[in-house]
Amino acid sequence: MFLLSLLPFAEMNAQINHKHYILMGKIELSKENYSEAIKNFNVAIIAKPNDFEAYFLRGIAKYSLGDYGGAVDDFSRTLEIHPLYVRAYHYRGVANDRLANYADAMADYKHAITLDPFSEELHIASGSTLMHLNDYQNAVAEFDTALIINPENANAFISRGIAKRYLNDLDGALADMNSAVYNDFFNIEAVARRGMIELEREDYEAAMSDFNNALRMDKDNPLIYFNRAVAYLNLGDTTAALRDYEKVNNLDQRNALTYFNRAIIYSLRQDYDVALALYNKVIEINPQNIYGYFNRGILFYKLKDWDEAENDFSKVIELFPDFIDAWMNRAVVRFEKNDILGAEQDQYRAKQIMAFVSEDQANVDSLFAHYSKMDYNKIINFESDFVNGNRQKTLIQFSDIDIRPRESFIVNITDNEKYYIDATLSQMSQSNNMGGKLAYVVNDLFDTGRNSLLNDSVVNSFDNQNLRTFVNGIYNFEIYNYNRGETLFASLLDDPVLGIYACVNLSVLQKAKAELTVTDKTYETSIYITQKKSIESFSQPQEKPDYRQALSTITGVLGKTKRNPYVWYNIGNIHLQMQEFEKAVDDYTKAIQYEKNLAEAYYNRALTLLYLNNKSQAIKDLSKAGELGIQEAYVVMKRFSE
C-alpha cells in the first residue's frame, strides 16, 4: 500500500481538519500563493469530500494559475454537490471562455442569470464572451443591461467602450471610457484604455497624459509602457520610445513583441549589432515566428552576410511556403551569391503564388484557411504577455524555467516534505533512528543545493547488516563511487525485504553511470593539447548513453512487484531517454494506475505527450501535476496552451 507523505491525517478529526485547511487555503489565496492554496484545499477535500467550498476555491486557484481546464473540472464538481451555486456557474463560464469553449460559457451564464437575473457581473461576463465571438452588437446590449442594474459600474463602461471600439465607434468608445474614469477615478484600466482609444484617434498628447497618470498609479505595468512607447513614436521621440520598450522587457523578459519593435527601431538607426541581438532574442522566444526570421534575414542582407540571410529566408519558406516576399528576398540573396539558377527558381515560384492569389479573391481565403488548420497563429503571433510586473513575480506560470522531465525515483533517507512511502519503508524508518524517513524520493543526489543526511557515522549506526549495506550503497552513489555502490546494491537483489529497493536504486545508478560514461568519452575525444586528431573527429555524431543495462535491471523486478508505481515510472524515464516515447507514455500510465497521486508521472507523461503533439491530453496531465504540487506544470501549461 503506497501513501503520499502529504496525507497522513486520517486519524485526526475530519471536521476540524476541513475548517482549518479551508481557512489556510483562503489565506494563501488572498496572498496570491495559489499553489500553496491548492495544497490546503486538497487536504480539505480529503477530510470532507462532499463539501463544495474546497472544490470551488481550488477552482479559483487553478484559474489564477492559468489552469482553465482544471478550474472547469473543479467548478463542475462544485455544481454536482451544490447545483444552485450561482458563482460556480459564473466562474465556470469565465474559465470556459478562456478555453474558447464559448457555447459552454454562454450556457453557464444563461443558467446563472436564470438564478440571479440582477447580477451585473454576469451580464458583463456574458458580454465579454459575445465579444470573443465577434458579436459586438449583442455584447453592447449585455453591457447596457449591466449598466441598467448599476449605472455606476466602471467595468461595464470599460467593456462597452471596447465593444464600441470594435464597431468603429471611437467617439462612443471614448465617451464610455470617460464615464468609467468618472465613476472610478483610480481605475488604472479605465485610464489606460482611454489612452489607447486616444491613440487610435491620433490625439497623442491626450494619450500621453493618460498613460503618465496610469503609470503614477502602477509604475510596473508593461502594457502601459508599451502603449506610451507607441505614443512617443508618433510624436517623433524614438529615444523615449526605446526607453519605454526597454522597461517592458525589464518587466517581462519573454515579451517577444517588444524585442521585435526595439529591433526595428535599432535597424532604422543602422545600429545593426543591437538589432541583430534583439532579433535573436525574438527567435529564441518564438522559434516558429516567420517575421523574426524574415526581418533578421533583411538585416543579414544589409550586413552582406549572404549565407545567414539565405538561411533565414529559407526558414520563413519552410514555415510558410506561400510567403511571396520570402521567395523574392531569397532570390536577391542568391543572385548576390551567384546562384543564378536558384535565384531564377525562387523568382518563378514567387510569380506562381502571385498569379494564384490575384486570379480570384477566394484563392486568398483558401490559402489562409489551409494555414489556419496548421496552427497558423504560431508563425505570426509574438509572445507578448502584459502582466503587471509585481504580479508577474508572484505568479509561478510566468517563471522562466528550463522545461525538463522529472528525475527517476530512488529510495533514500530524506527530511523533505515531498516523499512517497510504503508500509515496509515506514516500519524501517520507525525502527531506526536515521534523522529522516526512508522513502521514495525524486533523485536529487547531485543537486548543488542539496543537504545530505548521510555520512560514515550514520551508515555505521544501523544494526541490521543488510540495511547498513543498502544505506552504504546510497552513500557511495552520492559521493560518485559508482562501482562500489553498484556492488553493494547488487548484493541485496535477492533480499526478501530490501531487494526491490536495491533494484530500483541500482537501475538509477546504472542510468547515471551510462550518462557519465558518454560525457567522459566526449570530453576525452574533444579536449586535447596537441593537434594530432583530424578535423573529421569533430563531426562524428555524439554517442548516446547505453541504457540497456539500467532497463534490464529495473524490468527484472517486475516479476516480484508488477504493481509498484515507482518501478513503472522509472521504466518510463528510461524509455523516454531512449526516445521510445509511446512506451514511455504506457509506462507512466501504469505508474498512475497504481498511484493516482504520483505527480511526477503526470508531469513526465505530459511532456512526452507534448512531444507527440497530443496537446489536449498533455494539458490535462499538467493540470493534475500542478494540483499535486509540481508548480512548473503551470509554466509549461502557459507556454503550450496559447
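This report describes the fold, cores, salt bridges and surface of a predicted model.

The model is a predicted one, in which local features need pLDDT of at least 70, side-chain atom pairs count only at pLDDT 80 or more, and totals for chains, interfaces and linings use all residues. Residues are numbered from 1 along each chain as its sequence is written, and side-chain values use heavy atoms, with hydrogens and water left out.

**Overall make-up**

The chain contains 34 helices and 4 strands, where helices (H or I, at least four residues) and strands (E, at least two) are DSSP runs numbered from the N terminus. Of its 642 residues, 50% are buried; buried stands for under 20% relative accessible area, exposed for over 50%, and partly exposed for values in between, with a 1.4 Å probe and protein chains only. Among contacts (heavy atoms within 4.5 Å) between residues at least 6 apart in sequence, 56% join residues at least 24 apart.

In soluble globular proteins, nonpolar side chains tend to be buried together. A nonpolar core is here a set of buried Ala, Val, Leu, Ile, Met, Phe, Trp, Tyr and Cys residues joined through side-chain atoms within 4.5 Å. The largest nonpolar core has 104 residues, of which Leu-438 and Phe-470 touch the most other members. Apart from that core lies another, of 74 residues, which includes Ala-192, Ala-207, Ile-290 and Ile-317.

Leaving aside neighbours within four places in sequence, Leu-438 is in contact with residues including Val-411, Ile-413, Ile-421, Leu-467 and Phe-470, and also with Leu-425, Met-428 and Ser-429. Leu-425, Met-428 and Ser-429 are the buried residues of helix α24 (residues 423–431). Seen down the axis of α24, these buried residues fall within an arc of 100 degrees, so they line one face of the helix; the arc is that of the directions from the helix axis to the C-beta atoms. The face turned away from the buried side of α24 carries the exposed residues Ala-423, Gln-427, Gln-430 and Ser-431.

**Salt bridges**

The structure holds 34 salt bridges, each being a side-chain nitrogen of Lys or Arg within 4 Å of a carboxyl oxygen of Asp or Glu.

| Pair | N to O distance |
|---|---|
| Arg-165 and Glu-200 | 2.7 Å |
| Asp-171 and Arg-201 | 2.4 Å |
| Glu-310 and Lys-337 | 2.5 Å |

The salt bridge between Arg-165 and Glu-200 links distant parts of the chain, with Arg-165 in helix α9 (residues 154–166) and Glu-200 in helix α11, 35 residues apart. Arg-165 counts as partly exposed because its relative accessibility is 27%, and Glu-200 counts as partly exposed at 39%.

The pair formed by Asp-171 and Arg-201 likewise links distant parts of the chain, as Asp-171 lies in helix α10 and Arg-201 in the loop between α11 and α12 (204–217), 30 residues apart. Asp-171 is exposed at 56% relative accessibility, whereas Arg-201 is partly exposed at 37%.

In the salt bridge of Glu-310 with Lys-337, Glu-310 belongs to helix α18 (residues 306–319) and Lys-337 to the loop between α19 (324–336) and α20 (340–359), 27 residues apart. Glu-310 is buried, with a relative accessible area of 12%, while Lys-337 is partly exposed at 32%. Both residues belong to a network of salt bridges that also links Asp-307, Arg-330, Arg-334, Asp-339 and Asp-346.

**Individual sites**

Helix α18 also contains Leu-319, which is buried with a relative accessible area of 13%. The C-alpha atoms of Leu-319 and Gln-288 are separated by 7.1 Å, although the two residues are 31 residues apart along the chain.

Asn-40, in helix α2 (residues 34–47), is buried with a relative accessible area of 12%. Leaving aside its neighbours within four places in sequence, Asn-40 is in contact with Tyr-21, Met-24, Gly-25 and Glu-28.

On the surface, Phe-185, Phe-186 and Met-217 form a nonpolar patch with about 360 Å² of accessible area together. Patches are made of residues with over 30% relative accessible area and no salt bridge, with like charges joined within 9 Å and nonpolar side chains (Val, Leu, Ile, Met, Phe, Trp, Tyr) within 5 Å. Phe-185 lies in the loop between α10 (170–183) and α11 (188–200) and is exposed, with a relative accessible area of 56%.

Key: Areas by Shrake-Rupley, 256 points an atom, 1.4 Å probe, with all protein chains shown as cover.
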